[in-house]
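Here is a short briefing on one model. Look over the sequence and the coordinates before reading on.

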Amino acid sequence: MRNLVHNVGLYSEAKHLEEQLKPIAVAMDSLQSDTTMIADACEQWCVILLHTDNVLEPHKAKITKRFNQAMTPTHYLANMLHPI
């Protein structure tokens with residue numbers, strides 16, 4: 001791809017955005033399975049929150065806000081009862 005993009009700044013920004021979106025893309029990919037359960041969604045939220053320490057740090061407030069909006073006691077219960 002670097003050979004196609006002549007603007008080094010644009011290339012660097014695209015690579016940075018790709019790094020930020022990768023944890024989200026992995027979570028979305030795993031949650032699209034026919035066998036996905038509520039507990040799996042809870043686990044993916046936790047994985048994304050752990051990534052806020054590095055690549056997702058600029059978006060930590062928004063991710064935490066969405067996490068608090070999305071998660072209910074049912075999610076936590078399902079996660080605790082889900083066999084590993």
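Which residues does His 75 touch, not counting residues up to four places away in sequence? They are Ile 38, Cys 42 and Ala 70, where contact means heavy atoms within 4.5 Å. This is a predicted model: local features need pLDDT of at least 70, side-chain atom pairs count only at pLDDT 80 or more, and totals for chains, interfaces and linings use all residues. Residues are numbered from 1 along each chain as its sequence is written, and side-chain values use heavy atoms, with hydrogens and water left out.

- His 75 sits in helix α4 (residues 73-81); helices are DSSP runs of H or I, at least four residues, numbered from the N terminus.
- His 75 counts as buried because its relative accessibility is 19% (buried is under 20% relative accessible area, exposed over 50%, partly exposed in between, with a 1.4 Å probe and protein chains only).
- Val 8 belongs to helix α1 and, at 52% relative accessibility, counts as exposed.
- Val 8 and Leu 77 are 69 residues apart along the chain, and 48 Å separates their C-alpha atoms.

**Helix packing**

- Helices α1 (residues 8-31) and α2 (residues 38-50) pack at about 175 degrees, with axes 10 Å apart; axes are lines fitted to C-alpha atoms over the stretch in contact, and angles run from 0 to 180 degrees between N-to-C directions.
- That angle makes α1 roughly antiparallel to α2 (over 145 degrees).
- On the α1 side, the contact is made by Pro 23, Ile 24, Ala 27, Ser 30 and Leu 31; α2 supplies Asp 40, Ala 41, Gln 44 and Ile 48.
- α2 and α4 pack at about 100 degrees, with their axes 8 Å apart.
- α2 is therefore roughly perpendicular to α4 (65 to 115 degrees).
- Ile 38, Ala 39, Cys 42 and Glu 43 of α2 meet His 75, Tyr 76, Ala 78 and Asn 79 of α4.

**Largest pocket**

- The largest pocket holds about 280 Å³ of space; a pocket is an open set of points on a 1 Å grid where a 1.4 Å probe fits, with protein on both sides within 12 Å along at least five of seven lines.
- Its lining has 15 residues, with Ile 24, Met 28, Trp 45, Ile 48 and Ile 63 nearest the centre; lining residues have an atom within 4 Å of a point.
- α1, α2 and α3 (60-70) each give two or more residues to this lining.
- α1 gives the most, with 6 residues.

Conventions: Angles under 35 degrees count as roughly parallel, over 145 as roughly antiparallel, 65 to 115 as roughly perpendicular and the rest as oblique. Grid points are joined across faces, edges and corners, and a volume is the space filled by probe spheres set on the points.
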